[in-house]
Amino acid sequence: MRLVSVNRLQAGMKLGKKIYNDEGLVLLADGIELTDALIKRLARIDIGYIYIEDAITEDIVITGMLHDETRNQALKVIRSQFQDMSGASGITKGFYHLDKKFSKMMDSILEDMSSLEDPMIMLADMHTADNYLYVHSLNVCLYTLVLGIAHGYSKEELRVIGLGSLLHDIGKTQIPVKIIQKPGMLSDEEFRHMQAHTEIGYRILKDEPNIPLLAAHCALQHHERIDGSGYPRGLTGPQIHEYAKWLGIADSYDAMTSNRIYKKAMLPHQAVEALYVGSGTLYEQNQLELFRDRVAIYPLGLTVKLSTGESGVVVKIDPSIPHRPVVRVFAGPEGETVIPFERDLGRALSVVIVGVSDEDQSVVKVT
């Protein structure tokens, strides 16, 4: 299958990977033939890129970090619990059901991830953007756990950072929906309301039975930055808990690579470049380096252009060198069609990716 911008879809193409709604239920099944009406519908619901079936890449199989049952159940719990909390007056209500349901969910997530030989941060499953908070919470949890596993945390430490990342935005359930979903720039007052979600989340979680206090601190500190420019307290490097620093990177990355009401999603390599602008100021350099080594910046199925002038599709990623994938070349330097062959950039060290195809069939330059 090949990753294609919705703006480049044509009637007759077949969907290569399922698209889910905010409840984790299948909105469009893989194998369905796209019509003009379906393509317009995908554009309306803010899906930026989808996988389509493709003869050149029919052998590419893209799997997620979680089993479908685990992912669907996780999104169901997140959606149910967050909706129950939304609109509650203040935060005095005791949410004692959180510890049981979310802790059990975390056990299932960790069990799925423990079966992965070498987990990497891949392009997330395609979801509608109508309730970004639910999918974002799960994505950030998975990305943070990948980083935690690579860092060498114990199972109990992973459980704590996993709960902290899963619940990091729980305070947003108490922020007015008109602010959360505002398509334009927030006013100063609205931005102050939005910033309050960190402290609200902390107060919700800190007294929860069996929810570790460190998980509450993840909610409080995930927008702090090591140069003191973050919020709510303007903490600097040593004052920010290590878990919150990992979480801040994962949170920013998912926000950049997700379609939002007010912006289009970046591709992974663009988001990584944007994060690196903050190396040593917003984020710890050593943490960003580990993140870079664990993210598939060129996702499977992505069309890329090589320094040789050739074009091809990413068909394999080596976890030890994810930025140098195997590319199946289908076009020569002049754009001429060639018999497909594979160029392993892990071996062909003089060849690099210089761009990726965008929605206008031009090339986004890689710097």
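**A chat about the model**

A: Happy to! The side chains of Gln 174 and Thr 173 are joined by a polar contact of 3.2 Å. Keep in mind as we go that this is a predicted model.

Q: Where does Gln 174 sit?

A: Gln 174 is in the loop between α5 (155-166) and α6 (177-180).

Q: And is Gln 174 buried or exposed?

A: Gln 174 has a relative accessible area of 16%. The cut-off for buried is under 20%, so Gln 174 counts as buried.

Q: What does the side chain of Gln 270 have a polar atom close to, at 2.8 Å?

A: That would be the backbone nitrogen of Leu 267, which lies 2.8 Å from a polar atom of the Gln 270 side chain.

Q: How many Å separate the C-alpha atoms of Gln 270 and Asp 30?

A: Those C-alpha atoms are separated by 27 Å, and the two residues are 240 residues apart along the chain.

Q: Switching to strands: how many residues of β8 are buried?

A: Six of the six residues in β8 (residues 326-331) are buried, so the strand is largely enclosed by the rest of the structure.

Q: Nice. Which strands does β8 pair with?

A: β7 (residues 311-316) pairs with β8 in the antiparallel sense over five bridges. β8 is also joined by five bridges to β9 (residues 337-344), again running antiparallel.

Q: What stands opposite Val 326 on each side?

A: Lys 316 stands opposite Val 326, and in β9 the bridge partner of Val 326 is Asp 344.

Q: Last topic, the nonpolar core. Which residues touch the most other members?

A: The largest nonpolar core has 88 residues, and those touching the most other members are Phe 102, Ile 109, Leu 138, Leu 145, Leu 205, Tyr 253 and Phe 291. Helix α4 (residues 132-151) gives this core its largest share, eleven residues. Apart from that core lies another, of 13 residues, including Val 4, Val 6, Leu 38 and Leu 42.

Q: And what is Phe 291 in contact with?

A: Leaving aside neighbours within four places in sequence, Phe 291 is in contact with Ile 121, Leu 147, Ile 249, Tyr 253, Val 272 and Leu 275.

Key
Residues are numbered from 1 along each chain as its sequence is written. This is a predicted model: local features need pLDDT of at least 70, side-chain atom pairs count only at pLDDT 80 or more; totals for chains, interfaces and linings use all residues. Side-chain values use heavy atoms; hydrogens and water are left out. Buried means under 20% relative accessible area, exposed over 50%, partly exposed in between (1.4 Å probe, protein chains only). Helices (H or I, at least four residues) and strands (E, at least two) are DSSP runs, numbered from the N terminus. Two strands pair if DSSP finds at least two bridges between them. A polar contact is a pair of N or O atoms within 3.5 Å; within protein, one must be able to donate a hydrogen and the other to accept it, and residues adjacent in sequence count only if both atoms are side-chain atoms. A nonpolar core is a set of buried Ala, Val, Leu, Ile, Met, Phe, Trp, Tyr and Cys residues joined through side-chain atoms within 4.5 Å. Contact means heavy atoms within 4.5 Å.
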